Amino acid sequence: MESVDKIKVVAALLLVVVGIAGYYMVPADQGVLRVVCVVLGLAMAGAMLWFSVLGRQFVDYARDSIKEAQKVVWPSRKETWQLTGIVFLFVGVLALFMWAVDSGLAWVFYDLVLGRG
């Protein structure tokens, strides 16, 4: 990153901080103005980043991510319910197994080894 872009990123971060500081400096009874300070700070920071190399790279990355998300093949409703049923069945079987192991170990240690049963 060039030094000019680094300055733009730092300026954008400062604009966000100024927007948040403006939120706390405006009296509490002026809620709309407080929100406007934050939104304005974020908007100005976004505009500052838009003209930096980092901002352009982020926009390119976001566009590529949207294109990739559109390529995803989502399962049908039937497949979703089937897989959900399999997961619930597996969780139930695992819970029964864990209960059986816990009960078995408790029986072995408390009744057989320690004789407290």
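The following legends describe close-up views of a predicted model.

**View 1. Regions annotated as transmembrane in the record.**
UniProt, in an unreviewed entry, assigns the feature "transmembrane region" to residues 7–26, 32–53 and 86–110. In the predicted model, residues 7–26 are 95% helix and 0% strand, and the end C-alpha atoms of this span lie 28 Å apart. Residues 32–53 are 91% helix and 0% strand, with 33 Å between the end C-alpha atoms.

**View 2. Helix 1 and its buried residues.**
The 23 residues of helix 1 should span 33 Å at 1.5 Å a residue, and the 32 Å between its end C-alpha atoms agrees with this expectation. The buried residues of helix 1 are Asp5, Val9, Ala12, Leu15, Gly19 and Gly22. These buried residues pack against helix 2 and helix 3. Ala11 also belongs to helix 1, which covers residues 3–25. Is Ala11 buried, partly exposed or exposed? Ala11 counts as partly exposed because its relative accessibility is 23%, whereas a buried residue would have to be under 20%. Between Ala11 and Thr84 there are 73 residues of separation in sequence and 48 Å in space, taken from C-alpha to C-alpha.

**View 3. Helix 2 and the face formed by its buried residues.**
Helix 2 comprises 20 residues, numbered 31–50. From its first C-alpha to its last, helix 2 reaches 29 Å, which is close to the 28 Å expected at 1.5 Å a residue. Arg34, Gly41 and Ala45 are buried in helix 2. Viewed down the helix axis, the buried residues of helix 2 fall within an arc of 30°, so they line one face of the helix. Helix 1 is included in what covers these buried residues.

Arg34 is located in helix 2. Which side chain of opposite charge is nearest to Arg34? That side chain belongs to Asp29, which is 7.7 Å away. A salt bridge requires a side-chain nitrogen and a carboxyl oxygen within 4 Å of each other, and Arg34, although buried, has no salt bridge. When residues up to four places away in sequence are set aside, Arg34 touches Tyr23, Tyr24, Val26, Pro27 and Ala28.

**View 4. Ser52 in the loop between two helices.**
Ser52 lies in the loop that joins helix 2 and helix 3. With residues up to four places away in sequence not counted, Ser52 touches Asp5 and Lys8. Asp5 is itself one of the buried residues of helix 1. Ser52 and Val39 are separated by 13 residues in sequence and by 20 Å in space, C-alpha to C-alpha.

**View 5. The salt bridges of the model.**
How many salt bridges does a search of the whole structure find? The search finds 2 salt bridges. In one of them, the side chains of Asp60 and Arg63 meet at 4.0 Å, N to O. Asp60 and Arg63 are separated by about one helical turn because they stand 3 residues apart in helix 3, which covers residues 53–70. Asp60 has a relative accessible area of 42% and is therefore partly exposed. Another salt bridge joins the side chains of Glu68 and Lys71 at 3.3 Å, N to O. Glu68 is partly exposed, with a relative accessible area of 48%, whereas Lys71 is exposed, with a relative accessible area of 57%.

Notes. Residues numbered from 1 in each chain as written. Predicted model: local features only at pLDDT ≥ 70, side-chain atom pairs only at ≥ 80, totals over all residues. Heavy atoms only, no water. UniProt positions renumbered as here; feature names shortened; annotations may be inferred. Helix = DSSP H or I, 4+ residues; strand = E, 2+ residues; numbered from the N terminus. Buried < 20%, exposed > 50% of the residue type's maximum accessible area, 1.4 Å probe, protein only. Expected span 1.5 Å × (residues − 1). Arc of directions from axis to C-beta. Contact = heavy atoms within 4.5 Å. Lys, Arg positive; Asp, Glu negative; His and termini not counted.
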